[in-house]
Amino acid sequence: MRRHSIFLRTGLATFLILASATAAFAEDFALQVGPPTAGNAQPAKTSLFVVRPGGCADPAAARITGTAEGIVDGVRRSVPLTLVALPTPGVYAVPRDWNNAGAWIVSLVGTCAGKTAGAIVSIGPRETYRRESVRLLGHRATPAEIDDSLKAVAEGR
């Protein structure tokens, strides 16, 4: 009986370890957006914010692109961004590559191992990163999501 109890406890412990390891490896792919200081490198310090892939087994293989979407004098604008790769694999600084006039958001799209994630970052009037301005998505932002976010920024929400 004692031998059976030891095997049972060992089997249960092994199951719990494997279950928690599986959950850790099954983390969904998502973009993670943070303040410039999180980039921990000089190019990040002059950027609006930094972005990196989360839940990606090989961050260096992830691809992240961005577009600034704005309304300037009532006219819709779209500016492709050149993200700056930082020394940490998969981490990018997002500089301001557009003019100061108008209302703006940044739409980010990331891919890793066949999975896609997105983020919309509202750019406030002081052009600073605000955690509450980030909308993380489990997919590429739709035109409607971009338009809604841009409208909210233009209205000061």
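Tutor: Arg 76 is partly exposed, with a relative accessible area of 38%; buried means under 20% relative accessible area, exposed over 50%, and partly exposed in between, with a 1.4 Å probe and protein chains only. Please note that this is a predicted model, in which local features need pLDDT of at least 70 and side-chain atom pairs count only at pLDDT 80 or more, while totals for chains, interfaces and linings use all residues. Residues are numbered from 1 along each chain as its sequence is written, and side-chain values use heavy atoms, with hydrogens and water left out.

Student: How many salt bridges does a search of the whole structure find?
Tutor: The search finds 3, where a salt bridge is a side-chain nitrogen of Lys or Arg within 4 Å of a carboxyl oxygen of Asp or Glu.

Student: Which side chain meets Glu 69 in a salt bridge?
Tutor: That of Arg 76, at 2.6 Å from N to O.

Student: Is Glu 69 buried or exposed?
Tutor: Glu 69 counts as buried, since its relative accessibility is 9%.

Student: And what does Asp 147 form a salt bridge with?
Tutor: Its partner is Arg 76, and the closest N and O atoms are 3.0 Å apart. Asp 147 belongs to helix H3 (residues 143-154) and Arg 76 to strand E4 (residues 75-80), so this pair ties together parts 71 residues apart in sequence. Helices (H or I, at least four residues) and strands (E, at least two) are DSSP runs, numbered from the N terminus. Asp 147 counts as partly exposed, at 38% relative accessibility.

Student: Which residue does Arg 135 pair with?
Tutor: The side chains of Arg 135 and Glu 145 meet in a salt bridge of 3.7 Å, N to O. This pair links distant parts of the chain, with Arg 135 in strand E9 (residues 134-137) and Glu 145 in helix H3, 10 residues apart. Arg 135 is partly exposed at 35% relative accessibility, whereas Glu 145 is buried at 14%.

Student: Which residues do shared partners join into one network?
Tutor: Glu 69, Arg 76 and Asp 147 are joined in this way.

Student: Now the sheet: in what order do its strands run?
Tutor: The order is E1-E2-E6-E5, an open sheet of 4 strands with antiparallel pairing; two strands pair if DSSP finds at least two bridges between them. Strands E1 (30-34) and E5 (84-85) stand at the edges with a single partner strand each, so one side of each has no neighbour in the sheet.

Student: How many bridges pair E1 and E2?
Tutor: E1 and strand E2 (residues 49-54) pair over 5 bridges in the antiparallel sense. For Gly 34, the bridge partner in E2 is Val 50.
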